Amino acid sequence: MHTRFKCNGCKRDTEFLWLDQLDTPEGFKAYQCMDCGCVGIKNVVEALSIPDSAICRCDKCGSWKFNTVVCHTCQLIGAKDANV
Ligand SMILES: [Zn+2]
Ligand SMILES: [Zn+2]
């Protein structure tokens, strides 16, 4: 069983292989589409297996986030700003 996502490459709901060896920010994972083979970074909250009741839209950036934790996308943007 692999996690399913909407793929940016082939636009279909496909299964993704996690690339654990790649270093990614907290809340994001590197994946490879098992259909078209494209590689990218996904927000883990966007996995199709996560129930809608566990997630909501972020007030600040509009990205999906888990109800119980701070928005990973905002964290990422904040980290980028701090480095400028
Ligand atoms: Zn694909
Ligand atoms: Zn946010």
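Residues 24 or more positions apart supply 28% of the protein's contacts that have a separation of 6 or more; two residues are in contact if their C-beta atoms, placed from the backbone, lie within 7 Å. The model is predicted, so local features need pLDDT of at least 70 and side-chain atom pairs count only at pLDDT 80 or more, while totals for chains, interfaces and linings use all residues. Residues are numbered from 1 along each chain as its sequence is written, and chains are lettered from A and ligands numbered from 1 in the order in which they are written.

**Confidence and overall layout**

The predictor's confidence in each residue is given as pLDDT, from 0 to 100. The protein averages a pLDDT of 87, and 96% of the residues score at least 70.

You will find 1 helix and 6 strands here. Helices (H or I, at least four residues) and strands (E, at least two) are DSSP runs, numbered from the N terminus. Read from the N terminus on, the elements run β-β-β-β-β-β-α. The C-alpha trace spans about 35 × 35 × 20 Å along its principal axes. Of the 84 residues in the protein, 12% are buried. A residue is buried if 20 or more other C-beta atoms lie within 10 Å of its own, exposed if 12 or fewer, and partly exposed in between, with C-beta atoms placed from the backbone.

**The sheet**

Strands of a sheet pair through backbone hydrogen bonds, either parallel or antiparallel. In this protein, an open sheet of 4 strands has the order E1-E2-E3-E4, with antiparallel pairing. Strand E1 (3–6) and strand E4 (39–43) stand at the edges with a single partner strand each, so one side of each is left without a neighbour in the sheet. From one strand to the next, the twist averages 55°; axes are lines fitted to C-alpha atoms, for helices over the stretch in contact, and angles run from 0 to 180 degrees between N-to-C directions. Two strands pair if DSSP finds at least two bridges between them, and the table lists the pairs.

| Strand pair | Sense | Bridges |
|---|---|---|
| E1 and E2 | antiparallel | 4 bridges |
| E2 and E3 | antiparallel | 3 bridges |
| E3 and E4 | antiparallel | 5 bridges |

Some partners can be named. Thr 3 has Phe 16 in E2 as its bridge partner, and Leu 17 has Gln 32 in E3. Opposite Lys 29 stands Lys 42 in E4, and opposite Ala 30 stands Ile 41 in E4. E3 and E4 form a hairpin with 5 residues between them, and Gly 37 in the turn has a positive phi of about 85°.

**Two residues to look at**

Leu 22 sits in the loop between strand E2 (13–18) and strand E3 (28–33). Leu 22 is exposed because 12 other C-beta atoms lie within 10 Å.

Asn 43 belongs to strand E4. Asn 43 counts as partly exposed because it has 18 C-beta neighbours inside 10 Å. Not counting residues up to four places away in sequence, Asn 43 touches Gly 27, Phe 28, Ser 63, Trp 64, His 72 and Thr 73. Asn 43 and Ala 79 are 36 residues apart along the chain, and 16 Å separates their C-alpha atoms.
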